[in-house]
Structure formats: C-alpha cells, structure tokens
Amino acid sequence: PRTDFSAEFEEFETAQCEPGDPRQIPGARAGLCDFTGETPWDSPEWRHSLILTYSRPTRFGEFYVRPEYSYTDETSVSAKLGDFSNERYELFNLRAGLRATHWEAVLWGNNLNDETVTTIASDAPTLGGARTYYLSQPRTYGATFRYRF
C-alpha cells in the first residue's frame, strides 16, 4: 500500500529552468530541464483545515462563532522549484457575528497568530539578481456590517 501522499511529476522533460541548473538536460538549449520525479510548487505533503461553527438563536437574530484552523506542511513557493520554500505553518482565524433576515454584523480576525508566510517567490533579474517575495497578510481584524435589500 502507498504511504507517501506527496504530489510528483510523473514525466516533465521540458520544464523551464535557470541556465546552469543541475537538472538541465544535456545537449538541450540552456534553461530546459527534466523535472520528472520533482514535487510541483505549492504541493505540500500535508494540508489540513478545521472549521467549526456554533450558532444559537437570540431575540435579535442568530448569534454565531466560527473558529478556523489550517496547517500546511513544508512546501515550495516557486514554479521553478529550487530553494524557495516555506517551513510548515499554522493559521488561526476567528469570526463572531449576529445575523437576521436582512442584515449581519461580524467581528473577525485573520492570521491571529501573526504567521509570516511566503505565498510566491521568484528571481528578479531586472533588479540585479534579487529575489522577490510575496507575503500573506499579517494579523488583521475588523468589523463588517452587511445589509441585504
């Protein structure tokens, strides 16, 4: 029985890569690599989410609380694979609100543990070989009021 659940390219012999990459195909044009057997980017071995909702009717409407938890194992954050990766991380979100037929008021918080997560990373050759990193939102919180006509 299979015990390894990670994704992998069964065959990918025409992948673009940086010249000099050790996976470059001998005799092929520069920047053409064989990624066969590699793990695609943003494909961790494990990714879990748990979302619970508690609700209760009140005389003003329905009150609810919704905690959210997610776990992501170490994963590559670049289509070029290579050394751009995130360590494992956990995120916690929370919502609490009151809703009625035509309106809803919500207090919410995202990334409550203020985890810094790189969502995408890439080389920036036009910036002298620098790397660019796109990060997820830091801890954010607020209130939302909706009215449906």
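Reader: Is Phe145 buried or exposed?
Author: Keep in mind that this is a predicted model. To count as exposed, a residue needs over 50% relative accessible area. Phe145 has 56% relative accessibility, so the label for Phe145 is exposed.

Reader: Which residue forms an aromatic pair with Phe145?
Author: Look for a ring whose centre sits 6.3 Å from that of Phe145, with 20 degrees between the planes. Planes under 30 degrees apart count as stacked, and this pair is stacked. Phe145 is in strand E12 (residues 140-147), while the partner is in strand E9 (residues 103-110), 42 residues apart. That partner is Trp103.

Reader: And is the pair of Tyr69 and Phe92 stacked, edge-to-face or tilted?
Author: Stacked needs planes under 30 degrees apart and edge-to-face needs over 60. Here the ring centres are 5.2 Å apart and the planes stand at 45 degrees, so the pair is tilted.

Reader: How many residues apart in sequence are the parts that Tyr69 and Phe92 tie together?
Author: Tyr69 is partly exposed at 25% relative accessibility, and Phe92 is partly exposed too, at 36%. Tyr69 belongs to strand E5 (residues 62-72) and Phe92 to strand E8 (residues 89-99), so the parts they tie together are apart in sequence by 23 residues.

Reader: Is Glu104 buried or exposed?
Author: Glu104 forms a salt bridge with Arg99, the closest N and O atoms being 3.7 Å apart. Another salt bridge joins Glu104 to Arg148, with 3.6 Å between the closest N and O atoms. Buried means under 20% relative accessible area. Glu104 has 7%, so Glu104 is buried.

Reader: Which residues gather in a patch of negative charge on the surface?
Author: One member lies in the segment before strand E1 (15-16): Glu11. With 62% relative accessibility, Glu11 counts as exposed. The patch consists of Glu8, Glu10, Glu11 and Glu13.

Key
Residues are numbered from 1 along each chain as its sequence is written. This is a predicted model: local features need pLDDT of at least 70, side-chain atom pairs count only at pLDDT 80 or more; totals for chains, interfaces and linings use all residues. Side-chain values use heavy atoms; hydrogens and water are left out. Patches are made of residues with over 30% relative accessible area and no salt bridge: like charges are joined within 9 Å, nonpolar side chains (Val, Leu, Ile, Met, Phe, Trp, Tyr) within 5 Å. Accessible areas come from the Shrake-Rupley method with a 1.4 Å probe; for residues, only the protein chains shown count as cover. A salt bridge is a side-chain nitrogen of Lys or Arg within 4 Å of a carboxyl oxygen of Asp or Glu. Lys and Arg count as positive and Asp and Glu as negative; His and the chain ends are not counted. The place of a charge is taken as NZ of Lys, CZ of Arg, CG of Asp or CD of Glu. Helices (H or I, at least four residues) and strands (E, at least two) are DSSP runs, numbered from the N terminus. Buried means under 20% relative accessible area, exposed over 50%, partly exposed in between (1.4 Å probe, protein chains only). Rings of Phe, Tyr and Trp (its six-membered ring) pair if their centres lie within 6.5 Å; planes under 30 degrees apart count as stacked, over 60 as edge-to-face and the rest as tilted.
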